[in-house]
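Please keep the sequence and model in view while reading.

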Amino acid sequence: MSRFEQLIQTVETYQVLVEENYSRIRRLAEEVRGGLCDYIGAPDGVCVHLVPPTGAFEPRPYGDLAFSIPPRGFRPLGPVAFGLAFRVSKEADWLRLKFECRKTGEDFVVGIEDGAQYTFRLPIEEADSAPFYAHIYQYILS
């Protein structure tokens, strides 16, 4: 195998790991966006949007732009950030929190803005959602 072929093989393996990391984070973000309103009992419409983690935002769906790395192409392996905007009033007042996720061994660590963290043990199970929602809700209340 030439050095170039070894480089190509290494980068292909690297990108498989990046895809696994990104997919796990994207799935978690989508689940929180969909499940947190139900958890807190918001009866009148959407109360959470995925938004960019930094910069200006409007409370609307951003799709791929809500994440710090793109869903395709060459991507770095490392923490991925996304923003969640929470409706916090009956009107249109929104609070954005930045989440940064990373895998460390068999742990999946979700960091919230100022150092607060929540750790999942992999694999993440459906039953893991409620304690995570409670953690986010208590963070917002504080």
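Does E19 count as buried, partly exposed or exposed? E19 counts as partly exposed, because its relative accessibility is 33%. Buried means under 20% relative accessible area, exposed means over 50%, and partly exposed lies in between (1.4 Å probe, protein chains only).

## Basis of the model

This is a predicted model: local features need pLDDT of at least 70, side-chain atom pairs count only at pLDDT 80 or more, and totals for chains, interfaces and linings use all residues. Residues are numbered from 1 along each chain as its sequence is written, and side-chain values use heavy atoms, with hydrogens and water left out.

Seven salt bridges turn up in a search of the whole structure. The term requires a side-chain nitrogen of Lys or Arg within 4 Å of a carboxyl oxygen of Asp or Glu. Side chains of opposite charge can pair when their charged atoms come close.

One of the salt bridges joins R75 to E19, at 2.6 Å from N to O. This pair links distant parts of the chain, 56 residues apart. R75 sits in the loop between β1 (48–51) and β2, while E19 belongs to helix α1 (residues 3–40). Helices (H or I, at least four residues) and strands (E, at least two) are DSSP runs, numbered from the N terminus. R75 counts as buried because its relative accessible area is 4%.

## A charged network

E30 and R33 also form a salt bridge, with their closest N and O atoms 3.2 Å apart. They are three residues apart in helix α1, so about one helical turn separates them. E30 is partly exposed, at 28% relative accessible area. R33 is partly exposed too, at 34% relative accessibility.

D64 pairs with R72 in another salt bridge; here the closest N and O atoms are 3.5 Å apart. D64 is partly exposed at 31%, whereas R72 is exposed at 61%. Salt bridges with shared partners join R26, E30, R33, D64 and R72 into one network.

## The surroundings of R87

R87 lies in strand β2 (residues 80–87). Its relative accessibility is 17%, so R87 counts as buried. The R87 side chain reaches the backbone oxygen of V46 at 3.3 Å.

Which residues does R87 touch, not counting those up to four places away in sequence? They are D44, G45, V46, C47, D93 and W94. Contact here means heavy atoms within 4.5 Å.

Terms used. A polar contact is a pair of N or O atoms within 3.5 Å; within protein, one must be able to donate a hydrogen and the other to accept it, and residues adjacent in sequence count only if both atoms are side-chain atoms.
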